[in-house]
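Subject: Handover of a structure for your study

Dear colleague,

Please find below the structure that I am handing over to you. My findings follow it.

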Amino acid sequence: MDTTTLTINNVWMMICTGLVFFMHLGFSFLEIGLTRQKNTINILFKNLFIICIGLLLYSLVGFNLMYPGAFNGVLGSAGIGLHEPLINNSLDLSYNKGYTYWTDFLFQGMFAATAATIVSGAVAERIKLSSFMIFTIIYVGLIYPITGSWKWGGGFLNNWGFYDFAGSTLVHSVGGWAALVAISLLGARLGKFDEKGKPRAIPGHNLPTATAGVLILWLGWFGFNGGSVLSADPGATSLVLVTTSIAAASGGIGAFIFSCILYDNHDLTMFLNGILGGLVAITAGANLMSPSEAVLIGIVAGLLVVIGIAFVDRILKLDDPVGAVAVHLICGIFGTLSVGIFGKLASWNQFSIQLAGLLIIGAFCCSTAYIILYLLKKTMGIRVSKREEIEGLDIHEHGGMEAYPDFRLNQH
């Protein structure tokens with residue numbers, strides 16, 4: 001590969017890395033916007049902790065667990081810490097198809113924290129900060145890279161032919177399964193269900209911020225999916241950005257129309273989550289789909305978001321403040337299965353492989369998340385007290401810090 005091509009590929013990957021990093025601001029905005037004012041500092045603190053500890057853990061153990069080189073296909077490691085690949089005492093610039101080792105680490109590291117961010121939204125407003133931090137350390141440090149190694153690291157799922165372009169399963173459902181287990185063990189927020197078990201809406205305090213968060217996430221997804229091409233190839237990257245955008249748009253339209261039909265209401269939060277559902281669903285096969293197939297995948301994802309949120313609330317009786325299970329787990333599952341239904345790999349055999357991979361990863365993530373959270377629940381506890389929840393986590397977990405002090409003063 002010539003130096004010019006190498007430089008172009010590497011620069012594109014670094015730009016995509018920056019876009020994926022920017023997604024963490026989007027997650028933060030979405031989460032604080034869809035929850036109550038009294039927990040804003042707590043949510044911002046969690047999201048900052050996730051990206052910081054995620055990068056450190058990924059540099060220490062995660063990257064080498066996820067890309068262990070030659071291994072048995074299930075579990076392996078290339079050692080501890082980052083190791084600069086050298087040829088004749090110079091950085092190996094031919095590393096991995098045209099970008100440097102350092103660029104590879106940083107791009108993949110941006111993905112690592114996303115799984116815990118998904119859980120953060122689902123458990124918002126009632127989880128103990130210390131317990132959440134311990135869970136994040138274990139899940140991001142060990143569970144996420146192990147599942148990633150099974151496909152992206154050349155493990156047994158990769159050998160089977162399982163396909164997940166940018167992480168509908170390996171990122172989004174990995175976080176979604178853990179979110180489902182977490183809210184099952186944690187219980188609902190006070191006031192979420194009435195005495196008959198009927199769910200009540202607990203409105204978020206800042207929908208403009210939530211909307212900004214979704215638009216930031218949409219922008220960041222250009223790096224999330226576009227960077228997963230692993231080069232600046234013009235044909236591949238441009239197709240991926242088109243299918244990504246179209247799926248997002250059709251997901252939003254599908255969710256808003258379907259929720260309007262069901263509830264006779266133009267629900268902004270359904271529109272926002274429909275956009276995210278479309279993005280999650282296209283992620284598994286963004287490079288395989290035509291624009292028309294992306295439209296169909298997005299519409300179905302939008303419908304699934306509306307159905308999924310109602311299913312979690314009314315059937316499972318679980319409390320998910322931001323709709324993380326519907327968006328990331330349900331749409332992640334659909335997106336992964338879509339590889340066997342639509343696009344260049346569509347076949348019954350591919351569908352069967354996709355389903356098998358989903359079931360294996362789901363079983364592993366559910367069992368490990370349950371063990372971690374159950375042990376935390378039985379030892380140090382995972383839920384704040386009733387008083388702390390009523391008065392807000394900002395007061396009790398963060399020394400009385402307030403996100404909007406002027407607002408409180410103006411109320412008196």
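**Pocket and cavity**

Helix α11 gives the largest share of the lining of the largest pocket, namely six residues. Helices here are DSSP runs (H or I, at least four residues), as strands are (E, at least two), and both are numbered from the N terminus. Please note that this is a predicted model, in which local features need pLDDT of at least 70 and side-chain atom pairs count only at pLDDT 80 or more, while totals for chains, interfaces and linings use all residues. Residues are numbered from 1 along each chain as its sequence is written, and side-chain values use heavy atoms, with hydrogens and water left out.

Grid points are joined across faces, edges and corners, and a volume is the space filled by probe spheres set on the points.

The largest pocket holds about 770 Å³ of space. Its lining has 28 residues, and Lys192, Ala201, Thr269, Ile309 and Asp313 lie nearest the centre. By class, the lining has 14 nonpolar, six polar and eight charged residues; Ala, Val, Leu, Ile, Met, Phe, Trp, Tyr, Cys and Pro count as nonpolar, Asp, Glu, Lys and Arg as charged, and the others, Gly among them, as polar.

There is one cavity of 30 Å³ or more, and the space in the largest cavity is about 110 Å³. Of the 13 residues that line the largest cavity, Phe27, Leu30, Gly121, Val322 and His328 lie nearest its centre. Two or more lining residues come from each of α1 (3–33), α4 (114–122), α10 (268–282) and α12 (324–338).

**Salt bridges**

Side chains of opposite charge can pair when their charged atoms come close. With a salt bridge defined as a side-chain nitrogen of Lys or Arg within 4 Å of a carboxyl oxygen of Asp or Glu, the count comes to seven.

Two residues of the pocket lining, Lys192 and Asp313, form a salt bridge with their closest N and O atoms 3.6 Å apart. Lys192 is in the loop between α7 and α8 and Asp313 is in helix α11, so the pair ties together parts 121 residues apart in sequence. Lys192 is buried (under 20% relative accessible area, where exposed is over 50% and partly exposed is in between; 1.4 Å probe, protein chains only), at 7%. Asp313 is buried as well, at 15%.

Arg189 and Asp319 also meet in a salt bridge (2.7 Å, N to O). Arg189 lies in the loop between α7 (168–186) and α8 (207–226), and Asp319, 130 residues apart from it, in the loop between α11 and α12.

Glu389 is buried at 3% relative accessibility, whereas Arg383 is partly exposed at 24%.

**Contacts across the sequence**

Cys366 lies in helix α13 and is partly exposed, at 21%. The C-alpha atoms of Cys366 and Trp177 are 5.8 Å apart, although 189 residues separate them along the chain.

Yours sincerely

Notes
On a 1 Å grid over the protein atoms alone, a cavity is a set of points where a 1.4 Å probe fits but cannot get out, and a pocket is an open set with protein on both sides within 12 Å along at least five of seven lines; lining residues have an atom within 4 Å of a point.
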